[in-house]
Amino acid sequence: MSTTKKIAGAALAAALGVTTLSACGGGEAKDKPAGASDAPKSKTVTLVSHDSFNVTEAVLKEFEQQSGYTVKVLKSGDAGAALNQEILTKGSPRGDVFFGVDNTLLSRALDNGIFTPYEAKGLGGVKPEYVLDKEHRVTPVDSGDICVNYDKAYFADKKIAPPQTLDDLVKPEYKNLLVVENAATSSPGLGFMLASVGKYGEEGWKDYWSKLKANGVEVVDGWEQAYNERFSGSAGGKKAKGDRPLVVSYASSPPVEVLYGEPQPAEAPTGVSTGTCFRQVEFAGLLKGAKNEEGGKALVDFMISKKFQEDMPLQMFVNPVTKDAALPELFTKHGVVVEKPENVAPETIAKNREQWVKAWTALVVK
């Protein structure tokens, strides 16, 4: 989204100085699967994605060896910018598969007709609530929850219970504690605004934001500034002397704080207010006009395979969408399960997104 999905863990890892793999193609295939054809075919399949795409090198190599394809990853900025480029090059795409369009932009992508329908092998193993396009123009790959995070130490010191719901955030005890991202310029900012739409409806969400504003909510441009400068609970926020103990981030942020903590803490220093969340789902699709359609299909199949799905959490800090994929211990021990996130139908978002953002901006920022 210009307002685009920016996966928090990847950004947090960068903020903490951690180098992650830039997924690029490997060499020629070494092992040909049994029954593979000797007919000439393109050996390169190109994945167009947002900048946060990541995969373990060994996992990618295994796919390349088994399939006979070399994967080239073309990172193209945030998801909104990447999607815009594919819309502009419709019919003559820059790659074979696009990954990173989420449910806030899904209708826009589908309405512009940039994908070729393809029912991926293994789609039956995907949890049905994530299959939002019945024509299979896109395949769900991951999910993540945008939620308010809180600084555990702050609330323990003040002997105040941390907020758990959207309703809590407008109470007097949380005045001047929350920092959020701009809904017009940030993915989590937009997601949090949509959580309020999902909770209070078109008649009530603006009144809710009026109450938040009166309760001292602070608005900054993006996640990096909010989480790593203004939020007192993050490693970056501590260094920057941030003084806001509540921030809009992701449900996966606490495990990341543990993973990259120096020294690594026994318990996450931050918590998640599970009644404040909006669920994002990211999709991959075979681009219409792809030069290597067969390779693109194989890559989409791979992205919902157990191997890729179980690799994702510690690479992109998102959740699998398949039924048989297990989460790593870091997530099960330090993460949370959001039982009832807020959702807004993609077609409703597509119809109202621009006017909602304009109304939010006029109400909260100006």
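## A quick tour

Leaving aside its neighbours within four places in sequence, Ser107 is in contact with Pro346, Glu347 and Ala350. Keep in mind that this is a predicted model.

- Ser107 sits in helix H4, which covers residues 106–111.
- Is Ser107 buried or exposed? Its relative accessibility is 12%, so Ser107 counts as buried, the cut-off being under 20%.
- The Ser107 side chain gets to within 3.3 Å of a backbone atom in Pro346, namely the oxygen.

**Aromatic pairs**

- How many aromatic pairs turn up when the whole structure is searched? The count is 14.
- One of the pairs is Phe53 with Phe99, an edge-to-face arrangement with 5.7 Å centre to centre and 70° between the planes.
- Phe53 is in the loop between strand E1 (44–49) and helix H2 (57–67), while Phe99 belongs to strand E3 (residues 97–102), so this pair ties together parts that are 46 residues apart in sequence.
- Phe53 and Phe99 are both buried.
- Take Tyr260 and Phe317 next: their ring centres are 6.3 Å apart and their planes meet at 65°, and because planes over 60 degrees apart count as edge-to-face, that is what this pair is.
- Tyr260 comes from the loop between helix H9 (253–259) and strand E9 (270–287), and Phe317 from the loop between helix H11 (306–316) and strand E10 (319–320), so the pair links distant parts of the chain, 57 residues apart.
- Tyr260 has a relative accessible area of 18%, so it is buried.
- Phe317 is buried too, with a relative accessibility of 3%.
- Phe53 and Phe99 come up again in an aromatic cluster, together with Phe63, Phe302 and Phe308.

**The cavity**

- The structure has 1 cavity of 30 Å³ or more.
- How much space lies in the largest cavity? It holds about 40 Å³.
- Which residues line the largest cavity? Leu169, Tyr174, Leu177, Leu178, Leu212, Asn215, Gly216 and Val217 do.
- By type, that lining of the largest cavity has 6 nonpolar residues, 2 polar ones and no charged ones.

How values were computed:
Residues are numbered from 1 along each chain as its sequence is written. This is a predicted model: local features need pLDDT of at least 70, side-chain atom pairs count only at pLDDT 80 or more; totals for chains, interfaces and linings use all residues. Side-chain values use heavy atoms; hydrogens and water are left out. Helices (H or I, at least four residues) and strands (E, at least two) are DSSP runs, numbered from the N terminus. Buried means under 20% relative accessible area, exposed over 50%, partly exposed in between (1.4 Å probe, protein chains only). A polar contact is a pair of N or O atoms within 3.5 Å; within protein, one must be able to donate a hydrogen and the other to accept it, and residues adjacent in sequence count only if both atoms are side-chain atoms. Contact means heavy atoms within 4.5 Å. Rings of Phe, Tyr and Trp (its six-membered ring) pair if their centres lie within 6.5 Å; planes under 30 degrees apart count as stacked, over 60 as edge-to-face and the rest as tilted. On a 1 Å grid over the protein atoms alone, a cavity is a set of points where a 1.4 Å probe fits but cannot get out, and a pocket is an open set with protein on both sides within 12 Å along at least five of seven lines; lining residues have an atom within 4 Å of a point. Grid points are joined across faces, edges and corners, and a volume is the space filled by probe spheres set on the points. Ala, Val, Leu, Ile, Met, Phe, Trp, Tyr, Cys and Pro count as nonpolar, Asp, Glu, Lys and Arg as charged, and the others, Gly among them, as polar.
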